[in-house]
Amino acid sequence: MTNSMGDRIRRIVILGGGTAGWMTAAALSKTLARDVSITLLESDDIGTVGVGEATIPTIHWFNDLIGLDEEDFVRVTKASFKLGIEFVDWTRAGSRYLHPFGTYGVPGSGLPFHQRWLKARNDGLERPLRDFSLASQLAQQNRFAKPVSDPRSILSTLGYAWHFDASLYAGYLRSLCTRRGVTRVEGRMANVERDGETGRVSALTTDKQERLEGELFIDCSGFRALLIAAELGSGFEDWSHWLLCDRAAAVPCERVAETTPFTRSTARTAGWQWRIPLQHRTGNGYVYSSAHISDDEAAATLLAHLDGAALAEPRLLQFKAGRRKTVWSKNVVAIGLASGFLEPLESTSIHLIQSGIAKLLSLFPDRHVDPALARRFNLLFEADMDNIKDFLILHYHANERVGEPLWDHCRTMPIPDTLQARIDDYRRSGRLMLGSDDLFRDASWLAVLNGQDVVAEGFTPLADRLDAQVNREQLEQLAQLIERAAPTLPAHDTVIQQILARQPVEALAAAG
Ligand code: FAD
């Protein structure tokens, strides 16, 4: 008999206190009854990966779940707002486009907006797709506004996420969790105890001889994947033949200019460089393929392309693109880097953490840990990773950087069939063929396809019924509306300063 009160899980152990561990602890401590004990083991000696500062709009789901106040969060984590990612030099030297959050155009006519745009282009409209994205216009002007829910307002087409200081975020979550009763244990995991009959993990012991018993174990141990791989033997599906970058040099620098409301990704000979603006500093990193550049050269290239003075020595990180074949095995669920890694090109790792948490909550087991739940979790995770992988490969593949070995390889390599089919469909008919579970939706695929010169040669026959002149005029009016609206919205720095000037919620509560 399952599902009786007596079968409920009462003790959960989380191994690892990086972003994944503390996000998981925050979500579980908020959603489970108070009589479920949550213990988190982390090692100060080992530390965390310490990067991961750019997010995508799905982060709102998580922050709402844990009951986080947005303005508090912006103050404490020294966050800035993010309207999208600017890609510089990806197609060829001198190219530039924004992958905006939110949508292009406005809904109407029962057709995807971009089909109306393709038809209008065919009928002589010369406006590029970016003219129909308010986020793109705001980003260009360093302005920011939040979306509104009224679909009649052009502001309803916006979407946003944040850049934040990863160590401040982890600290914020940690104090939230400890206030909610999560027990933090400091020490190194020394041993894993397994049940002789079921093979399930029953306890972790630490180098300080503490014994942490549980019925459910969450592996957030980072790239080491100590429970899911080292203990339970989950294999790794290697994608490094498509995603060749395997190292990053990361360094913060002084901020010198206005805070841009977007991440910048600049293609370089052996990879690409990120620029993430925060209130107090700018984060930078060169993600590169070690087969195409030495570590010293990569660090020198990074340092030569900073806005301001470096605030530390460059830090080297190593990784491999791919995913664990099984991320839920027996009573162990891997979340975060322990489950696999896709490079930070589209800021998807924190999303994958929260998506793992969401799946765990909806499939939360009892102490019998029904294997059907694990099978479902693994299937959904596989689909998530596969979709994101294809989207990342598109960035590398659709390039004209002829004569640079990494880029020549990526342009000419065989790509996954699923991605090839999507590119072919788009070229033929402008159709995107997205699945309902795809993380990246129309605007994202359109931004990268168009930004990297993958051009649709046709459009849906349904657009033929549109009157050519009316359609063109409506689109022209929309582009002009966006052009007029953008300069009326506040500067990004003004929005941040207004938040900083307001009293923190906790201070208000204390005063009240
Ligand atoms: P970690 O931070 O490595 O934490 C592992 C934890 O396990 C630590 O607390 C450690 O002490 C503990 N641990 C390990 N072994 C033991 C042991 N034996 N005993 C006890 N404790 C142990 N993501 C984004 O969303 N956006 C980005 O912009 C982004 N940029 C990135 C750039 C780079 C170069 C890299 C490599 C990653 C980036 N990521 C990004 C990913 C992001 O950093 C991670 O997803 C996030 O930090 C979560 O890491 P984690 O908690 O899984 O692992």
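Figure 1. Covering the buried residues of helix 13 are, among others, strand 5 (96–100), helix 4 (113–122), helix 10 and helix 12 (417–429). In this predicted model, local features need a pLDDT of at least 70, side-chain atom pairs count only at pLDDT 80 or more, and totals for chains, interfaces and linings use all residues. Residues are numbered from 1 along each chain as its sequence is written, and side-chain values use heavy atoms, with hydrogens and water left out. Helices (H or I, at least four residues) and strands (E, at least two) are DSSP runs, numbered from the N terminus. Buried here means under 20% relative accessible area, exposed means over 50%, and partly exposed is in between (1.4 Å probe, protein chains only). The buried set is Ala 443, Ser 444, Trp 445, Leu 446, Ala 447, Val 448, Leu 449 and Gly 451. After helix 13 comes Asp 453, with a positive phi near 65°.

Figure 2. Look for Ala 456 in the loop between helix 13 and helix 14 (468–485). Ala 456 counts as buried, at 15% relative accessibility. Leaving out residues up to four places away in sequence, Ala 456 touches Leu 118, Tyr 426, Arg 427 and Gly 430; contact means heavy atoms within 4.5 Å.

**Figure 3. Helix 10 against helix 11.** Helix 10 (residues 371–397) packs on helix 11 (residues 405–412) at about 120°, and the axes are 8 Å apart. That angle makes helix 10 oblique to helix 11. Angles under 35 degrees count as roughly parallel, over 145 as roughly antiparallel, 65 to 115 as roughly perpendicular and the rest as oblique. Axes are lines fitted to C-alpha atoms, for helices over the stretch in contact, and angles run from 0 to 180 degrees between N-to-C directions. From helix 10, His 395, Tyr 396 and His 397 meet Trp 407, Cys 410 and Arg 411 of helix 11.

**Figure 4. Ala 398, between those two helices.** Ala 398 sits in the loop between helix 10 and helix 11 and counts as buried at 13% relative accessibility. Setting aside neighbours within four places in sequence, Ala 398 contacts Thr 91, Gln 452 and Val 454. Ala 398 and Val 454 are 56 residues apart along the chain, yet their C-alpha atoms are separated by 7.2 Å.

Figure 5. Strand 4 (residues 84–88) pairs with strand 5 in the antiparallel sense over 5 bridges; two strands pair if DSSP finds at least two bridges between them. Ile 85 has His 99 in strand 5 as its bridge partner.

**Figure 6. Thr 19 in helix 1.** Thr 19 belongs to helix 1 (residues 19–31). With a relative accessible area of 18%, Thr 19 is buried. Not counting residues up to four places away in sequence, Thr 19 touches Tyr 169, Ile 350 and Ile 353.

Figure 7. The protein chain averages a pLDDT of 95, and 98% of the residues score at least 70; pLDDT is the predictor's confidence in each residue, from 0 to 100. Over residues 507–512, pLDDT stays under 50, and the model has 1 contact beyond four places in sequence for them. Where pLDDT is low, the predicted coordinates should not be read in detail.
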